[in-house]
Amino acid sequence: MKIVVMKFGGTSVEDSAAIGRTAAIVASRTAMGKSPVVVVSAMAKVTDQLLRAATAASQGDRAGALAISSRLRCRHRDTAADLVKDAAESVALARLIDEKFAALEEILRGLSAIRELTPRIADLIVSHGERLSSRVVTAAFRERGIDAVHVDAREFIITDSEFQKAAPIHDLIEKRTPEKLAPHLRSNLVPVIGGFIASNEAGLTTTLGRGGSDYTGALVGGALDAETIEIWTDVDGIMTADPRVCPDALRVKEISFEEAAELAYFGAKVLHPATILPAVKKNIPVQVLNSRNAACEGTRIVSLAPHCKSPFKSIAVKKKLSIIDIVASRMLMSHGYMSQMFAIFDKHKCPVDMVSTSEVSVSLTVDSNSSLPKIAADLSKLADVKYEGRKALVCMVGEDIRGQSGIAAQVFNAIRHINVRMISQGASEINMSFMIEEDDADEAVRSLHAAFFQNPDPAVFDVEARKLAASL
Ligand code: ADP
Ligand code: ASP
Ligand code: MG
């Protein structure tokens, strides 16, 4: 059986036209004799709106929260009505949507009385996005002749209880996923699953963190030993930079797991950072494809990328970072100092992105988060501490920078007009990153892109699209 896991992001299911395109793409895979397993995100922007409703309710704004819910109900009902014409199916789907919204509104009402939004309740609320989209998509597929069956991800994507960013329990997922999905696949049915949502061992709803539907796709692909994992989104693939920032970004035709993981970790939103892991373990190729341009080959993520004449494959940017400077003239180099310092970050569950040390100081970068004042207070017991927000980390990724001399000089020459706060070349030797002011980030990406992707290697980058644009 040639299993292909197809994950469709929010824009690929944002309205009835998008869901129609998605259905055609899935049908094209069944026509090729493949067995698709479909993972869908919530309809575009729904997760943000659900979070907004949750926040409003927790602040006592009951009417505001219910108004958001009511708009979302209309959007789902209208999309469903557009897509499903069969009378019985249409009535059943409308009833299902109403039931889900009734449950959601009950939670919002309760929340507005209690006025305390815990991560556990936040997960329960946002889970409605994927629970709804997956139902609408299943019905739309059936209407279009695809034998789709809805399966609730919470029955087999099992995680720990770290609500809002839960970690998968791989043994359980590896066991339960085939148990739940293989019988459907053997009956030639196409399972449709909501991404992002999961449950802990006690059956409470959890989520895999923002952008987590990619991760669901990869977990399912890994557990089923899929032939390929396809990540369908709204751009042609992994590009040399975020096309929203750099309109002349080029599609990267092939990239290694290691490079893609680095890019995702350092802010390229096109993939959730953990997506690559399950695929690497079983060496399953991942493809990033465009649901608005299905004919495009996209990007293949494979274990060994071909040699590339250009040093870098892509530029990623992670914003909303803070820099923490710790100065301790007496203690710094004393034994055990670093471990005490990192123990504090550990205590606050705060990952550190980049570290640089001098004789008397250590600078670290972290995601700007609400625990920063507490972290700073704990650190100030060890040393003098300062922290500053609104920073961005620019990360240039490419396996071909290994051992090349003069690259750093070219990078810093390209952004010589921008003030750089911290520099690091990771131990992996495939990334070069530096920290700048957030306001300078977009300009830095464009300058670097102009410097490094002027004459890209046609074996690795899609230069045809650029030629075509130039000839128009
Ligand atoms: P989805 O809803 O399909 O998961 P996302 O919005 O999460 O889609 O990710 C796709 C977006 O990622 C693109 O629209 C693009 O703006 C952004 N992006 C950032 N960096 C890159 C990159 N290097 N290549 C492609 N897209 C990128
Ligand atoms: N709907 C979730 C989010 O917006 C998960 C995803 O789309 O991948 O973060
Ligand atoms: Mg995404």
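Leaving aside its neighbours within four places in sequence, which residues is Leu448 in contact with? In this predicted model, the partners of Leu448 are Ile315, Val394, Met396, Val411, Ala414, Ile415 and Phe434, where contact means heavy atoms within 4.5 Å. Because the model is predicted, local features need pLDDT of at least 70 and side-chain atom pairs count only at pLDDT 80 or more, while totals for chains, interfaces and linings use all residues; side-chain values use heavy atoms, with hydrogens and water left out.

Leu448 also stands out in the largest nonpolar core, which has 128 residues and in which Ile301 and Leu448 touch the most other members. Such a core is a set of buried Ala, Val, Leu, Ile, Met, Phe, Trp, Tyr and Cys residues joined through side-chain atoms within 4.5 Å; buried means under 20% relative accessible area, exposed over 50% and partly exposed in between (1.4 Å probe, protein chains only). Helix H5 (residues 119-143) gives the most to this core, namely eight residues. Helices (H or I, at least four residues) and strands (E, at least two) are DSSP runs, numbered from the N terminus.

Turning to the aromatic residues, six aromatic pairs are found in a search of the whole structure. The ring centres of Tyr265 and Phe266 are 5.0 Å apart and the planes stand at 90°, so this pair is edge-to-face. Rings of Phe, Tyr and Trp (its six-membered ring) pair if their centres lie within 6.5 Å, with planes under 30 degrees apart counted as stacked, over 60 as edge-to-face and the rest as tilted. Phe266 is buried at 8% relative accessibility, whereas Tyr265 is partly exposed at 35%. The ring of Tyr265 also has the charged end of Lys318 over it, 4.4 Å from the ring centre (NZ of Lys or CZ of Arg within 6 Å of the centre and within 35 degrees of the ring normal).

Finally, ligand 1 is surrounded by 18 residues, of which the closest are Thr233, Asp234, Met239, Asp242 and Arg244 (a heavy atom within 4 Å). An N or O atom in the side chain of Lys7 is 3.1 Å from an oxygen atom of ligand 1, and a polar backbone atom of Gly10 is 3.2 Å from an oxygen atom of the ligand.

Note on methods: Residues numbered from 1 in each chain as written. Chains lettered and ligands numbered in written order. Polar contact = N/O pair within 3.5 Å; in protein donor to acceptor, adjacent residues only side chain to side chain.
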